[in-house]
Amino acid sequence: MQQQSQHASGRSASIARRVLTKNVGIALAVTATAAVLASAPSASAGTTGHSYRGSVVTDVQSAATFDYAAGEIPENITVNPDGSMTLSLLGSCAVCQRTHGPELMRISASGTRTVLATGQVGEAISGNTRGVDGTVYYSVFAPGNAARNGVYALGQDGAAQRIAALPAGAGPTGLAIDSPGNTLYIADSFTSTIWSVPVSGGSVNPWLTDAALAPVPTEALPIGANGLRFHNGALWVSNFNQGTLLRVPVTDTGTAGPIHLVAGGLPNIDDLSFLTPTSDVVFVAQNGSSSQNGPDRIVVVYPNGTYKPVLTSADGLASPSATAVRGNTLYITDGGVPEPHDPKLQTGRINFDALLANPAH
């Protein structure tokens with residue numbers, strides 16, 4: 001593995017000003033039957049020859065809107081067992097002259113909003129995830145500030161506590177937790193690293209450092225490892241600049257196994273989610289508007305590495321950033337760059353005949 005050195009704090013602060021122009025809002029819910037969901041992995045792997053040309057997502061409607069001017073710019077989403085959503089809100093934006101601090105917000109199934117935690121102006125609350133005991137974990141990207149940069153947990157009393165410190169040059173984004181609920185993993189967009197730490201907190205460990213996780217310094221937004229999910233005994237990670245979706249097995253000893261390239265050619269690939277807890281069919285967001293480099297679209301990636309777009313800017317997408325799946329529902333964040341459009345919650349239905357057709361890209 002090719003080791004990468006950490007960026008200097010000054011460079012991270014400069015990158016941070018550009019990263020905070022990246023905007024998202026909440027978006028897509030897709031309903032379907034559990035039986036078809038369970039059949040998707042095996043069916044998708046062998047149906048490349050199908051000729052079905054229908055839309056995967058139909059009847060898309062706006063269900064709610066958000067206040068872009070007030071800094072309601074979701075970056076990451078977790079859907080909870082009760083149907084509520086936990087959102088990481090970026091807040092500040094270097095180029096739009098807003099001075100809002102980031103927030104961690106819960107939105108109930110009925111639409112009630114509760115702010116769970118706040119950050120300081122100039123920071124970003126980026127990734128979030130939920131532990132097996134219901135604990136909410138979230139990452140704070142505090143450019144150049146080692147006293148604030150790291151991973152936080154919400155206690156039973158609602159108080160936030162930093163449980164893991166990250167170096168000032170690190171850029172934490174996606175968060176994932178393993179199936180037993182013992183270990184947190186943190187995608188670092190700047191230092192080519194995935195960090196790990198016990199859920200109880202402590203010193204972070206550079207679990208994997210590799211060129212496959214590195215940003216591209218010449219890009220407008222130099223962002224490497226970004227989206228992160230623990231799934232079927234492996235960490236799945238997207239590389240924003242390199243346009244790759246990677247799978248890294250977790251060995252029996254907890255170390256990183258060989259990196260597998262699942263799919264490439266997806267510039268500005270952001271967060272990702274899986275069709276079911278056992279399916280390797282992946283929904284990914286391509287956030288092209290954030291740097292004008294690539295399309296704005298939602299793509300389904302199949303286990304054999306082929307993929308197809310299921311929603312594009314023609315469907316009203318503007319800077320989609322994150323996806324999440326719970327039960328029979330798919331959620332996609334879409335924040336309204338570059339005009340901006342209003343961040344919104346959209347709903348739609350999935351057409352499984354089209355999903356399982358699996359045409360090559």
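Visitor: Leaving aside its neighbours within four places in sequence, with which residues is T323 in contact?

Guide: The model is predicted, so local features need pLDDT of at least 70 and side-chain atom pairs count only at pLDDT 80 or more, while totals for chains, interfaces and linings use all residues. Residues are numbered from 1 along each chain as its sequence is written, and side-chain values use heavy atoms, with hydrogens and water left out.

Apart from neighbours within four places in sequence, T323 is in contact with I77, R229, D271, L272, S273, F283, V284, A285, I298, L330, Y331 and I332. Contact here means heavy atoms within 4.5 Å. T323 itself lies in strand β23 (residues 320–326); strands (E, at least two residues) and helices (H or I, at least four) are DSSP runs, numbered from the N terminus. T323 is buried, with a relative accessible area of 0%. The term buried stands for under 20% relative accessible area, exposed for over 50%, and partly exposed for the range in between (1.4 Å probe, protein chains only).

One of these contacts is polar: the side chains of T323 and S273 approach to 2.8 Å. A polar contact is a pair of N or O atoms within 3.5 Å; within protein, one must be able to donate a hydrogen and the other to accept it, and residues adjacent in sequence count only if both atoms are side-chain atoms.

Two further contacts of T323, R229 and D271, form a salt bridge with each other, their closest N and O atoms being 3.5 Å apart. D271 lies in strand β19 (residues 269–274) and R229 in strand β15 (residues 225–231), so the pair ties together parts that are 42 residues apart in sequence. D271 is buried, at 4% relative accessible area. A salt bridge is a side-chain nitrogen of Lys or Arg within 4 Å of a carboxyl oxygen of Asp or Glu.

The whole structure contains 3 salt bridges. Another of them joins E72 and R113, at 3.2 Å from N to O. E72 belongs to the loop between β2 (57–65) and β3 (74–79), and R113 to strand β6 (residues 113–118), 41 residues apart. Of this pair, E72 is buried at 17% relative accessible area, whereas R113 is partly exposed at 36%. There is also a salt bridge between R148 and E123, with the closest N and O atoms 2.7 Å apart. This pair connects the loop between β8 (136–141) and β9 (150–154), which holds R148, to the loop between β6 and β7 (124–130), which holds E123, 25 residues apart. E123 counts as buried, with a relative accessibility of 4%.

Buried residues make up 57% of its 361 residues. Of the contacts with a separation of 6 or more, 55% are between residues 24 or more positions apart.

Elsewhere in the chain, 4 strands form an open antiparallel sheet in the order β11-β12-β13-β14. β11 (172–177) and β14 (205–209) stand at the edges with a single partner strand each, so one side of each has no neighbour in the sheet. Strands β12 (residues 183–188) and β13 (residues 193–198) run antiparallel and are joined by 6 bridges; two strands pair if DSSP finds at least two bridges between them. Across this pairing, I186 stands opposite W195 in β13.
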